Amino acid sequence: MVIFSIGKRDSTLWEARLKKIKGCLYHNKGSVNVTLVFYAKDRNGKYSHIPHDRFIITNYRLFTSLDSFSYFNSINETISNGTYLQVDSLVKDENRQVVSSMLEWLQQIYNDVKKLNNDMLIIGNKESNLLQM
């Protein structure tokens, strides 16, 4: 799993979050690979080429949500006004082409961040089945 974020780059904070994410995703086959990638700002302090979208790409499906995948907090209270979740199969050529384009775009972002050679911008296992790390 690779998560792209514009979150605060506090290594202690994010290492704790990374551990929590891995704990939530752990399954009976063993541990999971999780990598966090933090975008670099441009000269104007903006994330110019990176939209504020939320989506999940798997080997078989694309999950898309308008404002959040976090609809409820830990005590089951609604914390989002999310009204839309779309799930698309990658069997359909059109969807596979969209995901292929998205993966190229994410790969370029990863490559750009990696070129900065800053260990605080890419943390975790640095392994992915969909991106070259």
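Leaving aside neighbours within four places in sequence, Arg 96 is in contact with Leu 90 and Val 91 in this predicted model. Arg 61 lies 35 residues from Arg 96 in sequence, and the two C-alpha atoms are 8.9 Å apart in space.

The protein chain contains 2 helices and 6 strands, which follow one another from the N terminus in the order β-α-β-β-β-β-α-β. Of its 133 residues, 26% count as buried, and the chain exposes about 9500 Å², of which carbon and sulfur atoms supply 50%. Among contacts with a separation of 6 or more, 60% are accounted for by residues 24 or more positions apart.

Strand 2 is paired with two other strands. With strand 1 (residues 2-5) the pairing is in the parallel sense and extends over 4 bridges, and Ser 5 stands opposite Phe 38 of strand 2. With strand 6 the pairing is in the antiparallel sense, over 3 bridges, and here Leu 36 stands opposite Ile 123 in strand 6. In a regular strand the side chains alternate between the two faces of the sheet. In strand 2, Thr 35 and Val 37 point one way while Leu 36 and Phe 38 point the other way, and all of these residues are buried.

The largest nonpolar core comprises 23 residues, of which Phe 4 and Ile 57 touch the most other members. At least two residues of this core are supplied by each of helix 1 (11-25), strand 2 (35-38), helix 2 (93-115) and strand 6 (122-124), and the largest share, 7 residues, comes from helix 2. When neighbours within four places in sequence are left aside, Ile 57 is in contact with Leu 62, Val 99, Met 102, Leu 103, Leu 106 and Leu 130.

A search of the whole structure finds 2 aromatic pairs. Trp 14 and Phe 38 form an edge-to-face pair, with 5.0 Å from centre to centre and 65 degrees between the planes. This pair links distant parts of the chain, since Trp 14 belongs to helix 1 and Phe 38 to strand 2, 24 residues apart. Trp 14 is classed as buried because its relative accessible area is 10%, under the 20% limit, and Phe 38 likewise counts as buried, at 1% relative accessibility. Phe 55 and Trp 105 form a tilted pair, with a centre-to-centre distance of 6.4 Å and 40 degrees between the planes. Here too distant parts of the chain are linked, with Phe 55 in strand 3 (residues 54-57) and Trp 105 in helix 2, 50 residues apart. Phe 55, with a relative accessible area of 24%, is partly exposed, and Trp 105 also counts as partly exposed, at 28% relative accessibility.

Besides its pairing with Phe 38, Trp 14 is approached by a charged group: the charged end of Arg 17 sits over the ring of Trp 14, 4.7 Å from its centre.

How values were computed. Residues are numbered from 1 along each chain as its sequence is written. This is a predicted model: local features need pLDDT of at least 70, side-chain atom pairs count only at pLDDT 80 or more; totals for chains, interfaces and linings use all residues. Side-chain values use heavy atoms; hydrogens and water are left out. A nonpolar core is a set of buried Ala, Val, Leu, Ile, Met, Phe, Trp, Tyr and Cys residues joined through side-chain atoms within 4.5 Å. Buried means under 20% relative accessible area, exposed over 50%, partly exposed in between (1.4 Å probe, protein chains only). Contact means heavy atoms within 4.5 Å. Rings of Phe, Tyr and Trp (its six-membered ring) pair if their centres lie within 6.5 Å; planes under 30 degrees apart count as stacked, over 60 as edge-to-face and the rest as tilted. A charge sits over a ring if NZ of Lys or CZ of Arg is within 6 Å of the ring centre and within 35 degrees of the ring normal. Accessible areas come from the Shrake-Rupley method with a 1.4 Å probe; for residues, only the protein chains shown count as cover. Two strands pair if DSSP finds at least two bridges between them.
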